[in-house]
Amino acid sequence: MQNNEQNIEQYRYEIDETDKQIIFYLNKRKEISEKLINLKLAQGQEVFNPEREKEIINKLYSDQNNKLPLGIIRKIYQEIFHSSKSGFIE
């Protein structure tokens, strides 16, 4: 029984560490997105590009290492895209 408890704790630890990495990379992505948005605005370009967003989702879904359904990727990235544009587009 103790071995199962150790396994549970190990998996929880791994999840916690993975969650920290996810937040780190989401923050990094937001910083890069803000730089891109500022550059586009300075050049008078459109910030919102629905075709680019579809391209990103499709690339992620098609990746050989992906194990998530398209609908889940779409939902996750809709939030990521929204967060990236918050403060610039409402």
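Ala, Val, Leu, Ile, Met, Phe, Trp, Tyr, Cys and Pro count here as nonpolar, Asp, Glu, Lys and Arg as charged, and the others, Gly among them, as polar. By that scheme, the lining of the largest pocket has seven nonpolar, three polar and five charged residues.

The model is predicted: local features need pLDDT of at least 70, side-chain atom pairs count only at pLDDT 80 or more, and totals for chains, interfaces and linings use all residues. Residues are numbered from 1 along each chain as its sequence is written, and side-chain values use heavy atoms, without hydrogens and water.

**Pockets**

A pocket is an open set of points on a 1 Å grid over the protein atoms alone, where a 1.4 Å probe fits, with protein on both sides within 12 Å along at least five of seven lines; lining residues have an atom within 4 Å of a point. Volume is the space filled by probe spheres set on the points, which are joined across faces, edges and corners.

The largest pocket holds about 330 Å³ of space. Its lining counts 15 residues, and Arg29, Ser33, Leu36, Arg52 and Ile56 lie nearest its centre. Helix 1 (2-42), helix 2 and helix 3 each give two or more residues to this lining. Helix 1 supplies the largest share, six residues. Helices are DSSP runs (H or I, at least four residues), numbered from the N terminus.

The second largest pocket holds about 250 Å³. Among the residues that line it are Leu26, Leu60, Ile73 and Tyr77. Helix 3 gives the largest share here, four residues. The lining divides into seven nonpolar, two polar and one charged.

**Helix packing**

Axes are lines fitted to C-alpha atoms over the stretch in contact, and angles run from 0 to 180 degrees between N-to-C directions. Contact means heavy atoms within 4.5 Å.

| Pair | Angle | Axis separation |
|---|---|---|
| Helix 2 (50-62) and helix 3 (70-85) | about 140° | 10 Å |
| Helix 1 and helix 3 | about 50° | 8 Å |

Helix 2 and helix 3 are therefore oblique to each other. Oblique is what remains after under 35 degrees (roughly parallel), over 145 (roughly antiparallel) and 65 to 115 (roughly perpendicular). The contact of helix 2 with helix 3 includes Ile56, Leu60 and Tyr61 of helix 2 and Ile73, Tyr77 and Phe81 of helix 3. By class, this contact has eight nonpolar, one polar and three charged residues.

Helix 1 and helix 3 are oblique too. Their contact includes Leu26, Arg29 and Ser33 of helix 1 and Tyr77, Ile80 and Phe81 of helix 3. It has five nonpolar, three polar and three charged residues.
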